[in-house]
Amino acid sequence: MSRHQPGGGGRSVRVAEQVHHELAELIRAEVKDPRVGMVTLTGVELTPDYAYATVYFTVLPDDPDTVAKTRAGLERAAGFLRGQLGRRVRIHTTPELRFVHDRSTSQGIEMSKLIDEAVRRHADD
């Protein structure tokens, strides 16, 4: 699901969701950069004037080297993606794309490990 600012109107949420959907499809089908592999878009935040879109992504494996390479590949493809997005999404301004690694998945895995460890220790006592 796309991220959006609280209090945002229904249209801005729908536009963010459409941008999210179209970018995911474009990255999957059109981006040929070998640095962009197993990428999942986790959200899109649009500024109120649609000038900028912050695109959150996760990647497998989730190590710093892979994340850096993937971000570089996505940034290299940003102009192409923006152009294609402008053809697919009918809004007055096609947003400039900014890519940010979403650490929520890896943080969730770490939290799960900590909980499992605490449960195991509690069971041992």
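## How two helices meet

Helix axes here are lines fitted to C-alpha atoms over the stretch in contact, and the angle between two of them runs from 0 to 180 degrees between their N-to-C directions. With that in hand, let's look at this predicted model. Helix H1 covers residues 10-29 and helix H2 covers residues 64-88. The two pack at an angle of about 120°, and their axes are 10 Å apart. That angle makes H1 oblique to H2. As for handedness, H1 and H2 cross in a right-handed way.

Which residues make the contact? On the H1 side they are Gln18, Val19, Glu22, Leu23, Glu25, Leu26 and Ile27. H2 brings in Leu74, Leu81, Gln84, Leu85 and Arg88. Sorted by type, the residues of this contact come out as 7 nonpolar, 2 polar and 3 charged.

## Two spots in the loops

Pro61 sits in the loop between strand E2 (52-60) and H2.

Another loop runs between strand E1 (38-46) and E2, and that's where you'll find Tyr50.

## Rings and a charge

How many aromatic pairs does a search of the whole structure find? The count is 0.

There is a ring with a charged neighbour, though: Arg98 lies over the face of Tyr52, at 3.9 Å from the ring centre.

Definitions and conventions. Residues numbered from 1 in each chain as written. Predicted model: local features only at pLDDT ≥ 70, side-chain atom pairs only at ≥ 80, totals over all residues. Heavy atoms only, no water. Phe/Tyr/Trp six-rings, centres within 6.5 Å; stacked < 30°, edge-to-face > 60°. Lys NZ or Arg CZ within 6 Å of the ring centre and 35° of its normal. Helix = DSSP H or I, 4+ residues; strand = E, 2+ residues; numbered from the N terminus. Parallel < 35°, antiparallel > 145°, perpendicular 65-115°, else oblique. Left-handed = near helix turned anticlockwise from the far one by under 90°. Contact = heavy atoms within 4.5 Å. Nonpolar A, V, L, I, M, F, W, Y, C, P; charged D, E, K, R; others polar.
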